[in-house]
Number of protein chains: 2
Amino acid sequence: MSELTVPAGRASGAGLDAAALQQLAGKHQTGYRSVGVMVYDILKDAILTGTLPPGQRLRQETLAESIGVSRLPVRSALIQLEADGLVEFHERRGAVVKSLSADQAREVYGIRTLLEVEALRLSMAEMTPERIARLRELGRTADAEEEGADFVDARTEFYAELYDAAHRPVLWEMIEQLRLKVGRYVLGWRLVGGAEHGHSHEELIAAVEGGDVEHASGVLRSHLERVRDAVLELLVAGEPGATAGAPLRH
Amino acid sequence: MSELTVPAGRASGAGLDAAALQQLAGKHQTGYRSVGVMVYDILKDAILTGTLPPGQRLRQETLAESIGVSRLPVRSALIQLEADGLVEFHERRGAVVKSLSADQAREVYGIRTLLEVEALRLSMAEMTPERIARLRELGRTADAEEEGADFVDARTEFYAELYDAAHRPVLWEMIEQLRLKVGRYVLGWRLVGGAEHGHSHEELIAAVEGGDVEHASGVLRSHLERVRDAVLELLVAGEPGATAGAPLRH
DNA sequence: CGCACAGCTTCTGGATCCAAAAGCCCGGAC
DNA sequence: GTCCGGGCTTTTGGATCCAGAAGCTGTGCG
């Protein structure tokens, strides 16, 4: 496990990896319509990859300097990230990367099961061979991805295609929100011991292709349960008593 | 039906009810920790009550002057509202109050049914007589409210108390998001012909008190279906072909 | 008479500057 | 030696200012 494994609980001070942030900034500096959304993407990537670990305090000045912009677009990005549930504003003390408690993770996976089973059911009614083929392609791409943000993105694309047949944009938006909340920890799981995950994609595709809704739902359920348990293991190991509140000094 | 009924489709120009906005601003000027969240609350109220109808273009300068602040906190508020799905940014043309298509409304109520039935199930396992009593109180308060924003707020409080027993903050957050999306139109329904709605609260409370999960779920389902149908009627009547995209000129 | 191009206006988005509040540290007193 | 209070510093949040881009309008040409 590389240094991507989050130090979590600690890291409240100024311990901000400016170099890694600059590197991420470089990857995103190409053609954005506004600086604000660029910063948003950079910070989202940074949080998802663990460059900005949970509990990390985010000082606007520092972030702005690292990325090379003013503080204003940083503020915009932080507000958006707050809405996404990735950061948290502390009164007059600035933003902090949110942690996820074990309870919250359990909840997220419970809701995801509800919503994704529904999305799967709706999608399977509209499934076509072309979509199956595209799913296989995206599944392969997802399995090929190794590094941080791309790994999460590839998986997101796979599920976007899977559920797109349902034509339920609001439902997908909800699912995406929930996936975002646990994205960081899934990444950790991947790095720790996600070896057999490749099977999940193919197993799910086969079930969808078969057309048996109940069977496919079962496959999806068990897949989500497996990921949930792995995430929980990682969570309770990393931070025993940490909840959403960051351990700031008083 | 007062002038709160939205003119909808039109109203792309500068037709902004500055006076009504100032009045709303007055109601909120008391003790906020930051101006940004105050503006956010003001604009949210304005959208929920129909003061800012769907399709209304939101010019930062105008809003700032009406409320009496700078453009900067207005921008912050607009970003938050975008995350809530209440407004939409159009490239270089600013923010517009989002419309809700009939399809989107159907989706919202479908997802709400899924989530709220689950929340109800979980809550009923933890229900106590004290909670029942508080629900009755909140139900009465909600029924007593007549005007715009307070009506929505009172109903939100009722459901917050109902689902609070489940101790599922993430689930509640999701439900709240969805309720926010349709809040405006429910308000319209109330104004148009929501006469028998008072029964819903008591009927639901009685079912919860009874302890029969299946029965209570049924009551909740049919309540949501009734509101959905009323909202849909209002939607298809108001704007036949309007989708999320606002009819801006090109 | 209609269409197209150019200039003007207007609005958003970004940067720099300023004020206020909260935390931190040091000194003094008990 | 410890605890409380006051001043200092740091950092957020707000206001004003500036630049760039998109739309609108007026005029000229076909």
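Predicted model: local features only at pLDDT ≥ 70, side-chain atom pairs only at ≥ 80, totals over all residues.
Residues are numbered from 1 along each chain as its sequence is written, chains are lettered from A and ligands numbered from 1 in the order in which they are written, and side-chain values use heavy atoms, with hydrogens and water left out.

Let's start with chain A. Its open sheet has three strands in the order E1-E3-E2, paired antiparallel. Strands here are DSSP runs (E, at least two residues), as are helices (H or I, at least four), numbered from the N terminus; two strands count as paired if DSSP finds at least two bridges between them. E1 and E2 of chain A sit at the edges with a single partner strand each, so one side of each has no neighbour in the sheet. Helix H4 (residues 71-84) of chain A packs on this sheet and touches E1, E2 and E3 of chain A, its direction making about 110° with that of E2(A). Contact means heavy atoms within 4.5 Å, while axes are lines fitted to C-alpha atoms, for helices over the stretch in contact, with angles from 0 to 180 degrees between N-to-C directions.

Now for the pairings themselves. Strand E1 (residues 57-58) of chain A is joined to strand E3 (residues 94-97) of chain A by two bridges, and A:Arg57 stands opposite A:Val96. Strand E2 (residues 87-90) of chain A pairs with E3(A) over four bridges, with A:Phe89 and A:Ala95 as bridge partners. E2(A) and E3(A) make a hairpin with three residues between them, and A:Glu91 in the turn has a positive phi of about 30°.

Over in chain B, there is also an open sheet of three strands, ordered E1-E3-E2 with antiparallel pairing. Its edge strands are E1 (57-58) and E2 (87-90) of chain B.

Back in chain A, helix H6 (residues 129-144) has 16 residues and reaches 23 Å from first C-alpha to last, close to the 22 Å expected at 1.5 Å a residue; that expected span is 1.5 Å times one less than the number of residues. Its buried residues (under 20% relative accessible area; exposed is over 50%, partly exposed in between, with a 1.4 Å probe and protein chains only) are A:Arg131, A:Ile132, A:Leu135, A:Leu138, A:Gly139 and A:Ala142. They cover an arc of only 125° around the axis, which puts them on the same side of H6(A); the arc is that of the directions from the helix axis to the C-beta atoms. On the other side of H6(A), A:Pro129, A:Glu130, A:Arg140 and A:Ala144 are exposed.
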